[in-house]
Amino acid sequence: MKFGFEVPTSGVFAGPDSLARVARHGEQIGFDYLHIGDHLVVPRSIQSSYPYSDSGAFLGEWSSKESQGEDDQGLHFEQLTTLSYLAAHTNKINLLSSVCILPYRQPVLTAKILATIDVLSNGRLIVGCGAGWMEEEFEALGLDTFKKRGSVTNEYIDAFRELWTSPNPTFKGEYVSFSDIYFAPKPIQKPYPPIWIGGESPAAIRRAANYGDVWYPFGNNPQYPLDTIDRLKNGIEKLNCKLDEADRDINKIGIALSAEMWYSDTDPIFDENGNRKLLTGEPSQVAEDIYNLAEIGVSYLTLDYKGTDIDETLYKMERFTKLVKALL
């Protein structure tokens with residue numbers, strides 16, 4: 001099992017020193033990858049339902065209106081620029097875009113930025129891909145592709161692969177076309193950086209089966225919950241069915257899980273039926289859960305180490321490595 005953590009790129013924790021400090025600490029204590037989210041703007045009024053809260057309200061990630069001034073509300077560092085910054089402040093940890101909302105950016109430029117990050121980081125990039133959920137953000141960016149975001153995302157991935165692998169890239173699609181161009185540098189990783197497909201919906205599972213090297217769901221989507229071993233196992237079985245349809249082998253695709261809303265090695269958290277929630281409880285219970293996740297095919301796990309300040313976040317990360325990871 002490989003383990004990842006989020007680097008704060010929004011709210012009161014965001015800043016160059018905090019970014020570098022958390023990234024370097026995670027690398028030093030043995031984490032395998034870091035990730036950051038993707039918002040270019042945050043609309044002041046949001047009617048779109050956030051997939052990862054019971055109420056549908058956007059949680060604002062690390063931000064807090066009570067602790068920020070008016071100018072800081074909605075603060076989000078740009079994802080790909082930040083990954084470049086973190087590449088320069090680390091040496092070996094992998095860098096995951098989790099996830100990059102592909103329709104937000106012009107695809108040839110995005111492919112170029114991602115290839116450049118892979119080269120400058122000596123092959124440490126992981127390309128997490130998603131279609132997005134916030135219609136108001138699409139509109140604020142001047143995009144009319146919200147209702148077509150799934151097909152846009154799929155086509156952009158195809159375009160990336162062509163740009164990253166072909167000596168004479170040529171592509172003609174509905175949303176992007178190019179030909180008769182040089183595209184260099186190519187990524188260091190061959191044939192290209194791993195593509196992780198985020199999402200839990202049937203469309204996301206189908207996209208993972210057709211386009212992904214790794215399926216990367218979040219476990220706490222109320223509409224498509226994957227918060228127990230049985231539910232996640234059922235999700236993997238659905239992925240298997242789509243892989244069969246795509247004539248791909250389950251052994252050719254990895255399984256990652258973001259369980260950021262669950263992790264606690266101090267107190268168990270119980271569901272409405274009184275059952276202990278996955279990845280909560282004593283360190284030995286969390287370690288057993290991780291073992292069981294590995295048994296059903298999960299190879300990558302992202303947990304939640306957010307604290308009230310950076311020091312608490314670093315402490316939680318270190319506690320995990322000493323008390324839980326040490327048992328595996």
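Predicted model: local features only at pLDDT ≥ 70, side-chain atom pairs only at ≥ 80, totals over all residues.
Phi of L279 is near 65°, a positive value in a residue other than glycine, and L279 counts as buried, its relative accessibility being 0%. L279 is also listed among the residues with the most contacts inside the largest nonpolar core.

## Other salt bridges and a network

By the rule applied here, the count of salt bridges comes to 13. One of them lies within helix α9, where K316 and E312 are four residues apart, about one turn of the helix, and their side chains meet at 3.8 Å, N to O. In an α-helix there are 3.6 residues a turn, so residues three or four places apart point the same way. Both partners are partly exposed, K316 with a relative accessible area of 28% and E312 with one of 26%.

Salt bridges that share partners also join E6, E260, D304 and K306 into one network. Within this group, D304 forms a salt bridge with K306, and the closest N and O atoms of that pair are 3.6 Å apart. K306 counts as partly exposed, at 23% relative accessibility.

## Packing of α8 against α9

How do the axes of helix α8 (residues 283–295) and helix α9 (residues 310–324) cross? They come within 9 Å and cross at roughly 80°, and the two helices are therefore roughly perpendicular to each other. On the α8 side the contact is made by P283, V286, A287 and I290, and on the α9 side by F320, L323 and V324. The residues of this contact divide into seven nonpolar, no polar and no charged.

F320 takes part in this contact and is also in contact with several other parts of the chain. Leaving aside its neighbours within four places in sequence, F320 is in contact with F3, F31, Y263, D265, I290, L303, Y305 and K325.

A second, separate core of 17 residues includes Y50, V99, Y104 and F146. In soluble globular proteins, nonpolar side chains tend to be buried together.

Helix α6 (residues 202–211) has A204, I205, R207, A208, A209 and Y211 as its buried residues.

## Loops and backbone geometry

A14 lies in the loop between β1 (2–6) and α1 (16–28), and at 18% relative accessibility A14 counts as buried, because the limit for that class is under 20%. Although A14 and L75 are 61 residues apart along the chain, their C-alpha atoms are separated by 8.2 Å. Not counting residues up to four places away in sequence, A14 touches P8, T9, L75 and F77.

Which peptide bonds are cis? Another is the bond from A184 to P185, with omega near 10°, where P185 lies in the loop between β7 (177–178) and β8. The loop between β7 and β8 is also the place of D180, which has a positive phi of about 55° although it is not a glycine. D180 is exposed, with a relative accessible area of 72%, whereas L279, described above with a positive phi, counts as buried.

Conventions
Residues numbered from 1 in each chain as written. Heavy atoms only, no water. Buried < 20%, exposed > 50% of the residue type's maximum accessible area, 1.4 Å probe, protein only. Axes fitted to C-alpha atoms, helices over the stretch in contact; angles between N-to-C directions. Parallel < 35°, antiparallel > 145°, perpendicular 65-115°, else oblique. Contact = heavy atoms within 4.5 Å. Nonpolar A, V, L, I, M, F, W, Y, C, P; charged D, E, K, R; others polar. Salt bridge = Lys/Arg side-chain N within 4 Å of Asp/Glu carboxyl O. Core = buried A, V, L, I, M, F, W, Y, C linked by side-chain atoms within 4.5 Å.
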